[in-house]
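Dear colleague,

I am handing over the structure we spoke about. Please look through it first; my notes follow below.

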Amino acid sequence: MNTFGRLFRVSTFGESHGAALGCVIDGCPAGLALDLSALQAELDRRRPGQGAGASPRQEGDRVELLSGVHEGLTLGTPIAALIRNEDARPRDYEALAGLYRPGHADYTYEAKYGHRDPRGGGRASARETAARVIAGAVARQWLASLLPLEVVAWVQAVGEVEATGVDPERVNQHEVDVSEVRCPDPLASTQMIDAIDAARAERDSLGGVVVCVARGLPPGLGEPVFDKLPARLAAAALSLPASRGFEIGEGFRAARMKGSEHNDPLAFEEGRVRSLPNRAGGVLGGISTGESLLFRVAFKPVATIGQPQSTIDREGVGATLEARGRHDACVLPRAVPIVEAMTCLVLADLVLEQRARAGGLGPLGGPGAS
């Protein structure tokens, strides 16, 4: 329940306001020249205290590698990584320990375990995702050593504001990160900032949608029947805090299309099979086609808001919750590197599975496959 993946596995540990959090990565092949500065850069993209609507919590999120790397190369043994909490304030939550916060996992964690950590939600806090970003950064570097892979996510919508004109085949991380809300559409970016500021002024919060594209994948990745590529991606995306929906390609819009409108014509171009305009989102039968993998993840509004909310305590007595602690008014900008990290973890796992089956990355089968 705290481990993700099969061959490329990550186990995370730690609580939001505990001493530290981190991960153990098992299954990363030996001999990878690990770029620690690139790994830290991914953590810096996720850390609190930056961007529109962000929590004022200030954490350096400096990663410490405890094992699995020697002289800059991975050993093939478990990689243990640690981040120490430097700005934890558990006392902020003492008055809330006996209450169940609306929209949070307080009640369900207590129902499951009979005991819970009330300090900022403990394991249910999005703070846990810092450990996932570490693992995803390692997976990204290993994938890049094998494939011309680019994984780029961006904020497509915040509340009622939606970006238009973002080209999934051309958008890059720099264009995303120069925006305060990680939206590469300048007009929409400004409108999103205004919407987040308005929600914060009203002591409220907003949700939205993150889009992710993975370019440069070979055909043949995905395990039929129950471990289809979209199924693995959906499980990864929906394991994220506040995630509420997943769709790939045309997604739910496909339900309103005719087969003649949705089917991608097949052709042999540039030495490989093409499936364009890629309404399927890069998968057929749950297996990658070689076209860009394109999917969306919906996130609900942040549960912690500044307005009084009706709730109950452990005895079932009604109470009014006055929020404590620090929180984001909108989680979307910081969700971008987390979605990318989970995508890289899924792809690394599937590449290892395909290598085990095929005796290497290629050929993976089919005309023009490589």
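Is E340 buried or exposed? The model is a predicted one, and in it E340 is buried, with a relative accessible area of 0%. The residue belongs to helix α8, which covers residues 332–358. The side chain of E340 makes a polar contact of 2.7 Å with the side chain of R140. Leaving out residues up to four places away in sequence, E340 touches E42, R45, R140, V151, V152, A153 and Q173.

Another helix to look at is α6, residues 229–238. Of its 10 residues, 7 are buried, so helix α6 is largely enclosed by the rest of the structure. The buried residues are L229, P230, R232, L233, A234, A236 and A237.

As for the whole protein, there are 8 helices and 18 strands. The radius of gyration is 21 Å, close to the 21 Å that the globule rule gives for 370 residues, so the protein is as compact as a globular protein of that length. Its C-alpha atoms fill a box of roughly 65 × 50 × 40 Å along the principal axes. Buried residues make up 51% of the 370. Of the contacts between residues at least 6 apart in sequence, 71% join residues at least 24 apart.

Regards

Note on methods. Residues are numbered from 1 along each chain as its sequence is written. This is a predicted model: local features need pLDDT of at least 70, side-chain atom pairs count only at pLDDT 80 or more; totals for chains, interfaces and linings use all residues. Side-chain values use heavy atoms; hydrogens and water are left out. Helices (H or I, at least four residues) and strands (E, at least two) are DSSP runs, numbered from the N terminus. The radius of gyration is taken over C-alpha atoms; the globule rule is 2.2 Å times the number of residues to the power 0.38. Buried means under 20% relative accessible area, exposed over 50%, partly exposed in between (1.4 Å probe, protein chains only). Contact means heavy atoms within 4.5 Å. A polar contact is a pair of N or O atoms within 3.5 Å; within protein, one must be able to donate a hydrogen and the other to accept it, and residues adjacent in sequence count only if both atoms are side-chain atoms.
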